Amino acid sequence: MQHFQQLTSRIWYQTPVSETDRPILAVVRGENRQLMIDAGNSSAHAALFLEEMQKRDLGTPDLLALTHWHWDHIFGMRHLDLPSIATNQTITHMKAMQSYAWTDEALQERMDQGIEIPFCADAIKLEFGATRDIEVVLPTIGFERRLDLNLGDVHCQLIEVENDHSPGSLLVYIPEERVVFLGDAMYADIFSPKWNYTVERAEQLLDVIDRLEVDHYVWSHGRVMPKEEFANECRMMRRAIRVTKAANGRLKDMRVLYAEETGSPLTEDETEMLIYFANGIK
């Protein structure tokens, strides 16, 4: 069951649903404008978010920012009819999706080609049912590197970041609230034959995030993570990067080096991360 929650005096968000791959949606409320973050995975998802805003007399969004191009973050755009913003890389991927069909047969064909993955195909079937009236609506505004928005007494920095999950993603950083929406940028590349992180992209992403002054980090398919807990995640990833470099991607050696550095047996999360980094070595 989804919940609509207040994070700060200016930020509200809707919790995710794993079964149908609904990510967190959010709104940043300024004195003059309101920015919605991600469009949802369907018109029903987007409509539910707007209904929750109305219930709380929060009005309606004026602008929309898309963190990246994956279906679960963009299919709700058709219902929203808002001026929308994305990176140029995201728009390029969305243009390619406009020619896609969404029947069971078309989904299976793209899975056979390695373009689609079973988890996403199954979630689309659950979210839309047998009738899939899906339209990929392109964003209104494209940009590179960074775009600053003044909503009135609160600012949003849209920061393009390299990452393994979806290169060209953007972070939404709200400095006055000390909050950053990460989208899916911290997740691995799940569309390759072997799920992976690469050392180069992971380092670039962490370096950008490290420069932000943040108390709450929002993962699209997870939860709001406080500063110290997120710092632990970053330390784990930095350590994995170090041992990947030292062992040149040899997983057995990576495990030994990692355990020696921590002085403890590897956890399930640490083991998984090392496998992903080993998979990312070319």
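A disulfide is a pair of cysteine sulfur atoms within 2.5 Å. The model is predicted, so local features need pLDDT of at least 70 and side-chain atom pairs count only at pLDDT 80 or more, whereas totals for chains, interfaces and linings use all residues. Residues are numbered from 1 along each chain as its sequence is written, and side-chain values use heavy atoms, with hydrogens and water left out.

**Exercise 1.** Determine how many disulfides the whole structure has, and state whether C120 is buried or exposed.

*Solution.* A search of the whole structure finds zero disulfides. Buried means under 20% relative accessible area, exposed over 50%, and partly exposed in between (1.4 Å probe, protein chains only). C120 has a relative accessible area of 5% and is buried. C156, at 1%, is buried as well.

**Exercise 2.** Describe the order of the strands in the open sheet.

*Solution.* Strands are DSSP runs (E, at least two residues), as are helices (H or I, at least four), numbered from the N terminus; two strands pair if DSSP finds at least two bridges between them. The seven strands follow the order β1-β2-β3-β4-β5-β6-β7, with mixed pairing. Because β1 (4–8) and β7 (141–143) each have a single partner strand, one side of each is left without a neighbour in the sheet.

**Exercise 3.** Identify how β3 and β4 pair, and which residue stands opposite R29.

*Solution.* Strands β3 (residues 25–29) and β4 (residues 34–37) are antiparallel, joined over four bridges. Opposite R29 stands Q34 in β4.
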